[in-house]
Structure formats: structure tokens, C-alpha cells
Amino acid sequence: PPSLYIVATPVGNLEDMTYRAVRILGEVDLIAAEDTRHSLKLLNHFNISKPLTSYFDHNQQFKGERILNALRQGKSVALISDAGTPCVSDPGYCLVRDALAQGIRVIPIPGPCAAITALSASGLPSDSFTFAGFPPARQARRRTFLASLDSLPGTLMLYEAPHRLEECLRDMLAMLGERQIVVARELTKIYEEFIRGSISQVLDAVSQGKVRGEVVILVAPGEAVQEQAEPLEDILRRLLDQEGLSV
Ligand code: SAM
């Protein structure tokens, strides 16, 4: 049956392309890409020559219909984005939702994702984490957004545009307080770097213009949250004690 493949591609280093991704892209009838010119470089590198169509934020609805049409006609389609996993801060969600609603099989082809790549080598708690995507670009909304994330347990992961990194870190300091953070930049590329420290320390480096390129921001859980995390058993024991009962 025709399938919609959601294919992850490298976030920098082309060696991170998986064997399966290369095979699937070589087998489908149509590849839907965020930026066809950008993706042509990747496809050429792997000698993949397939009909390409663009699918990005502003033509989602219109193009989505055409892609679903192709699927209904029995064609198989692969969706790729400029980097990493489609649908993760990238277009794709609406297409997946609509395809599923029409009974089309959706098959994920896993691979790189900048957030998970950053987390894996960050040294921050990774048993529980929240990926919150891109903070809003405007300061007032960004501050509200950050405040809403303040008391979450686990590590917080954000994407940010390089030119907004400094203002974002300033707002993080204001809304989350001083925390340990890791800024992972240029992952899998030549200048890959993990900048670790308090928000203030990393801000210093950033304001000196030392941090360039694409970044993932990872924030360690706040102290207050850790203190709150009293084991359930202790809470129950305390409540029972208060009632004069014991276990
Ligand atoms: N779908 C992608 C993924 O799976 O990671 C994310 C796409 S989103 C539009 C682009 C953002 O991802 C960048 O602004 C940056 O925050 C992050 N990013 C992508 N590639 C990166 C890299 N090589 N190093 C650090 N961050 C990266």
C-alpha cells in the first residue's frame, strides 16, 4: 500500500544519514522537501534522483492536498526537512494528521534530531526532559512562555535562532533565575561545541560574540523543583503522622 515516510536527515554531518533513509528516498515516487534546493545537495550526495516537491509552512495546506492526492493514487511519498527530523520544529504535523485521517500508513524513518543529539552529550539529567521548541520572538511573549516552563521537572530543551540567543538568555535569567545550562552549537559539524556553565557565565561568552552558528539550549532543572520532589512515601507518612496514625 502507498505510504507516507517521515524521513530524518542529518543536522550537519552527512555521514549521519542512515542506510534506511537512503534506501527509502531511493524507492519512493515523490519526495516532499521543505527547501528543494537545499535538499538537492543532500540527494545528489547520495545519488538519489527523484521528483521533488516543496512543502513548507506557508504552502502546507495547498501542497498537503497535492501530496495526499499522490498517496491516494497509490504513490509513496517521503517527507524530509532541511535538517533533522520532520515535524520537530519543522513542517509535517498537519500532513501526518491528514494522511492518518484518510487511512494512509505513516512510517517514521528515525535519525538525527538536534535536541536529542544535544541532550545525549550535555551531562544534564536525561531521564525526564521537556522539549519546548522555539521561544516566541517578542520579549513579552517570550517571558510569559519561559515563566510557564519554570517549574517543570527535568531538563528543558529549546531551539533558538543565533541572533536571538543573547536576548533569550537574558530573559531566561530573569524568568528562571540562575541555572546550569548547556548551549550546544554546530552539532555534528566542524566547530561543534558544548558551552557549559551558569546562565550568567554563558551570557558572558555570548555577549563577547564567541558563540556563533546554530544552537540548542538545555537548562538544568531548577533547585526549587528538586526540593519539591519529596518521595511519595515520605509525603504519605507525614500526612499519616499529622493525623496521629502510623505505618
Ligand atoms: N527538525 C530539526 C531537528 O530535528 O532537530 C529542527 C529544525 S529547526 C527549524 C532548526 C533549529 O534546530 C535551529 O535553529 C537550532 O536551534 C537547531 N539545530 C538544527 N541543527 C543544529 C545543529 N547542527 N546544531 C545545533 N542546533 C541545531
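**A nonpolar core and a helix pair**

Visitor: Which residues touch the most other members of the largest nonpolar core?

Guide: The model discussed here is predicted. Its largest nonpolar core holds 59 residues. Strand β10 (residues 215-219) supplies the largest share of this core, five residues. The members that touch the most others are Val7, Ala78, Leu79 and Leu218.

Visitor: Is Val182 buried or exposed?

Guide: Val182 belongs to strand β8, which covers residues 180-185. A residue is counted as buried if 20 or more other C-beta atoms lie within 10 Å of its own. Val182 has 22 C-beta neighbours inside 10 Å, and therefore it is classed as buried.

Visitor: How are helices α3 and α4 oriented to each other: parallel, perpendicular or oblique?

Guide: The axes of α3 (residues 60-72) and α4 (residues 93-101) come within 10 Å and cross at roughly 40°. Angles under 35 degrees count as roughly parallel, and 65 to 115 as roughly perpendicular. The two helices are therefore oblique.

Visitor: How many residues of the contact of α3 with α4 are nonpolar?

Guide: On the α3 side are Gln60, Gly64, Ile67, Leu68 and Leu71, which meet Cys94, Leu95, Asp98 and Ala99 of α4. Of the residues in this contact, one is charged, two are polar and six are nonpolar.

Key: Residues are numbered from 1 along each chain as its sequence is written. This is a predicted model: local features need pLDDT of at least 70, side-chain atom pairs count only at pLDDT 80 or more; totals for chains, interfaces and linings use all residues. Helices (H or I, at least four residues) and strands (E, at least two) are DSSP runs, numbered from the N terminus. A residue is buried if 20 or more other C-beta atoms lie within 10 Å of its own, exposed if 12 or fewer, and partly exposed in between; C-beta atoms are placed from the backbone. A nonpolar core is a set of buried Ala, Val, Leu, Ile, Met, Phe, Trp, Tyr and Cys residues joined through C-beta atoms within 7 Å. Axes are lines fitted to C-alpha atoms, for helices over the stretch in contact, and angles run from 0 to 180 degrees between N-to-C directions. Angles under 35 degrees count as roughly parallel, over 145 as roughly antiparallel, 65 to 115 as roughly perpendicular and the rest as oblique. Two residues are in contact if their C-beta atoms, placed from the backbone, lie within 7 Å. Ala, Val, Leu, Ile, Met, Phe, Trp, Tyr, Cys and Pro count as nonpolar, Asp, Glu, Lys and Arg as charged, and the others, Gly among them, as polar.
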